[in-house]
Amino acid sequence: MLQALPIPFGGMNREFGFERQKQATSPHCINVWPRQARRRFSLGSRPGLKRFYPQSTNDLAVNMMVATDLNEATLLRYIDDDFEGYSYEQRWVSGVAGLTVPTLDFLNHQYYADYHATAKYGFMLTALSQDLAEPLYVHLKTVPYNNENAATYRVYFVQDDATPDPAVTGIEVVLTLSKNGSNDRLSWTINCLTAGAHEAGSPFTGTFDATLVDSRWLRVMYDVNGGTNTVSIYLDNSFVVSQTVTEPASGTNSRVGWSMRATSSGGRAIVDRVRVNWSDDVTRVTNVARLVCGGGGKIYHEAYGGDLSEVDAAYSLLQNEPVMAATRLTKAYIADWGDILYEDTNATVGSTGVGPPDQWQFESTPAVNLATLGVTVTNFVVEIVSYGGVVGTANTDVPPGSYSIDSLQSTGVGTNNTVRIVRFTTNLPSVGCTAHIRIRRGPKIYNASTGAMSQLEIGRLIQTEVTTYGFVPVGCHLACEYRDRLILADDNQYYGSQIGDFGVWAYAIDPDDPRSAWSGTLADAGSLGRRPTALIPFSDDYLLIAAADMIMRMTGDIAYGGRIEIAAREVGVIGPRAWVITPENVLYFLGRSGLYRMMPGGGNSPESVSKDVLPDELQNLNEHHTVVSLTYDPRDEAIDILIGGKREHQRRDSWRLDLRTGSLWPWRLPDGIEPTVAITTVRGYFYGQVQPLVGSRDGRIRFFDREAVLDDGGTAIDSILTLGPIRGGPHATAVHAIEANMSRDSRPTYVTVETGATPEDAVARAVVGTSYDFRHTLAAGRNRGIYARGVGGAACVSLRSLSGGMWRVEELAADVLPIERVL
C-alpha cells in the first residue's frame, strides 16, 4: 500500500545517526528551498540569480555595498505593476487601436495571451508629462510557457496623445523570443513610423542568442539625447544593441505602451511584471534609497533608470577586502582602509612659504617617488606617529595624528619624494627635526544628494589655541552609526565621534559634555584587546562590539550614563557583515562555532541555531580567508548566509535559514560568481521592493528572480532532495511503486531510488548520485503508477533536477514493503 513520504520541510538535519533520521528532514539536499511560490508554501529548487544592473564594478569583486537614504526633489516617476490586484493599473488604457486586452491569471498574478495568428494583447499608458532631457525605460518580465519561450513582445514609444495607433505613427520595438536548439534567441526589430510609412533606415533588425530557456527581463530605453534619438535593448540586463533612430514627425506624442502575442499554435505569451520609468516636468520630493558600491578599486552609485556609473575617477577604494560604510542623512561615510602604503621612521620635516602662512611637508629619507607607489591627494592621508631629532615648540601646532595631503612635491634629490599636508601654522619646524610618518588610505564621504565624493575632514582646528577637533582614526576596517555618532574600529580599538558631527574626534575637550567623542578597547580590564570583527547597532538602544570570540555590549551612551559589559565569551561574530536583524529585532550572526541568535533586549545571551542540527557545517570558518554576509528576505521570511572566498575561488556552500520552520538549507553558486558581499536594501530608482542584493566575484550585482530557473550566464541549477532513509522492516526493505504530485510549472524532474545494506550506505549512494536502483522522469502535475525497483537493507528516494530545470513537489508517496531477506 502506498504511504505518504513526509515532505522534509525541516531542512537538512544531521542531529542523530542515519538509523534515527529526524522526521520530515532530509539527510542530504542542495539548491532546494522552501518558499512562497504563488502565495503557497512549497518545497523545490531555488530560484536563479539575475543581473540587477547592466554594468559591473570594473569586472572585479564587489567589496562594498550600502544604501543611502535620500529625500530627493526629483522629476523621476515610475509605474510598477505586478498584477497583484484584480485589475490592471488605472493608468493602463484599453481599447487602443490594434490592441486587445490580455487575460489576467488570478492564481499566478500574470497577464497572458493564448495563441492567435494576428491579434496583439496589451495596453497603452495615458499621456505622460515628460522631461525629454532624460531617457524613458520600459521593463517587461516574461515567463516561459510549457518550458518554452515562443512569443513576440512589443514596446511602443512616441504614441499620439489623442488617438494612439502603433501601426500608424510612433516607434515600435518588436522583441521575439524563440527556440534556438535548447537555448533562447531574441530577434529584434525597430520600426519608426509616420503616417504608416517608415522613416529613413527603418526597420532595423538583428538577433541575440541567449542560453537555456528561462524567464526573461526585456528592458528597452528610448533616449532623445539632445536630438540624437536612440533605442537601446537589454536582455536580463545584458546589453543587446543601441540603435540611432529617426523620431516620427508628428504632433504631441508622449504615450507609451506594450503588447504580446504567442507565436506557436497552442502556445501562450506571459507577462509577469511591467515597469515604466520616465522623468516628469514637475519636481516632487520623493524618498528613495540610492545604492553606493565598490569593486575593482572604484566607487559606483546608482544612476537614473537602474544603471551603475562611477562616481568620480579621482577617488579609489581598497580591493579584495570588505569595506564598510555608515550612513547619516544623505551621506555615506566610507571606512576606506588597508595596509600602510609607505612608512618612514626618519622623514625630514620642513615647511614651504606656499599658503597662508606656511605648510608643513615631510621629505622621504631616502628619497622615494610616492606617486609611483600610488599615493594620491584624494585617497591617502599622512599619519604622524611621533617626532625625533631637534623637536621645537612649533610641533605642538602640528601634533601627531592624521592629516590630509595637500600635494606631492619634488626636491633636488628626488621626484614626488615629499608630501605636503593640509595644515596651516605660523610656526616653522626646527632645523633637524625628523618624524615617523605613515601614508595610508583615509576615510571618504559620498553625498547622495549631490552624487559627489570628498574626504572625511582630517586634522581640523577649533578656533582656540589649546583645543582641537582631534584626528579621525585611520586604518579602520569597521564603521557604523550609533546614537548619531560615527563608530569606527581598527585592529586594536573602537572610536566614537562627537554626537552630531562625524568630523570631531576630541576625546577630552570637556569631560562633562555628553556629546564628547570616546574610544575604548575590546577587552576585560588588565587584558590585551581583541581585534573587533563587527559593529552591530540596535537603533539607539545598544551597540554590540564583537570580536571573533567575544561580544561586548554598550547600553546607551558611555558619555551620558551608559554602561559597557561583556555579552558573550567564546562566542563572537566572524566578519563585518556576518549578521542581520529581522523585522522582529532578532539578531542572527555567524560565529566560529555556527549560527546564533540574540532575542530583542539588551540583556540576552546568544543561542545556538545550527550546532545541534549541523554539527560540522558552518563551523570553524577562517575569517581571514572567507567573506560572510547575512541578509533577510522578507518575501520568504528567510535569512541567507552567503559564504565566499576573499581572493581565491573557494567552493563553499551558502545556507538559507527558513524562519517559519527553523530549517537550514544549503545552496551554491557557479564558479566565478560566488558571493563577496550582500545586503538587504529598499530599492528606489528602479525597483521598489525590499530584497537581498548579492555582489559577486565577477563585479556583478544580482538578485534572486523568483521565476528564474538559471543563474546569470545561463548556468543550470543542479538540485537534489533526498528523503529517507526508509526502513520497511527489521531485515530489509523493498520499494515497489512511487507516486508524485509536482507543481504545474515544474520542468521534467528525476525521481530515483537508492538502496544500501544500511541506512548510511543508502544515503551515501544518494549523495554521490552516480548509481541508483531505479530512475524515472516526472512530469508537471500528477504522476501515478510508477513501478519502482529497489531492494536493500534501507532505501532513499531522491528528487533531482533534469538539466538544471525548476521543480516543486507537493506530495510524494511510495509503496514500501518489509522483506525477510535481501534478494
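Colleague: Which side chains meet in a salt bridge with 3.1 Å from N to O?

Modeller: In this predicted model, the side chains of Glu172 and Arg154 form that salt bridge. The pair links distant parts of the chain, with Glu172 in strand E13 (residues 170-180) and Arg154 in strand E12 (residues 151-160), 18 residues apart.

Colleague: Is Glu172 buried or exposed?

Modeller: Glu172 counts as buried because its relative accessibility is 8%, and the cut-off for buried is under 20%. Arg154 is buried as well, with a relative accessible area of 14%.

Colleague: Why can such side chains pair?

Modeller: Side chains of opposite charge can pair when their charged atoms come close.

Colleague: How many salt bridges does the structure hold?

Modeller: The structure holds 45 salt bridges. One of them joins Asp491 and Arg531, at 2.8 Å from N to O. Asp491 lies in the loop between strands E35 (485-489) and E36 (493-496), and Arg531 in the loop between strands E37 (518-521) and E38 (534-538), so the pair ties together parts that are 40 residues apart in sequence.

Colleague: What is the relative accessible area of Asp491?

Modeller: The value for Asp491 is 40%, which means partly exposed. Arg531 is also partly exposed, at 36% relative accessibility.

Colleague: Turning to Glu623, which residue is its salt-bridge partner?

Modeller: Glu623 pairs with Arg592, and their closest N and O atoms are 2.6 Å apart. This pair ties together parts that are 31 residues apart in sequence. Glu623 is buried at 14% relative accessibility, whereas Arg592 is partly exposed at 36%.

Colleague: Which residues do salt bridges with shared partners join into one network?

Modeller: That network consists of Asp633, Arg635, Asp636, Asp640, Arg656 and Arg706.

Terms used: Residues are numbered from 1 along each chain as its sequence is written. This is a predicted model: local features need pLDDT of at least 70, side-chain atom pairs count only at pLDDT 80 or more; totals for chains, interfaces and linings use all residues. Side-chain values use heavy atoms; hydrogens and water are left out. A salt bridge is a side-chain nitrogen of Lys or Arg within 4 Å of a carboxyl oxygen of Asp or Glu. Helices (H or I, at least four residues) and strands (E, at least two) are DSSP runs, numbered from the N terminus. Buried means under 20% relative accessible area, exposed over 50%, partly exposed in between (1.4 Å probe, protein chains only).
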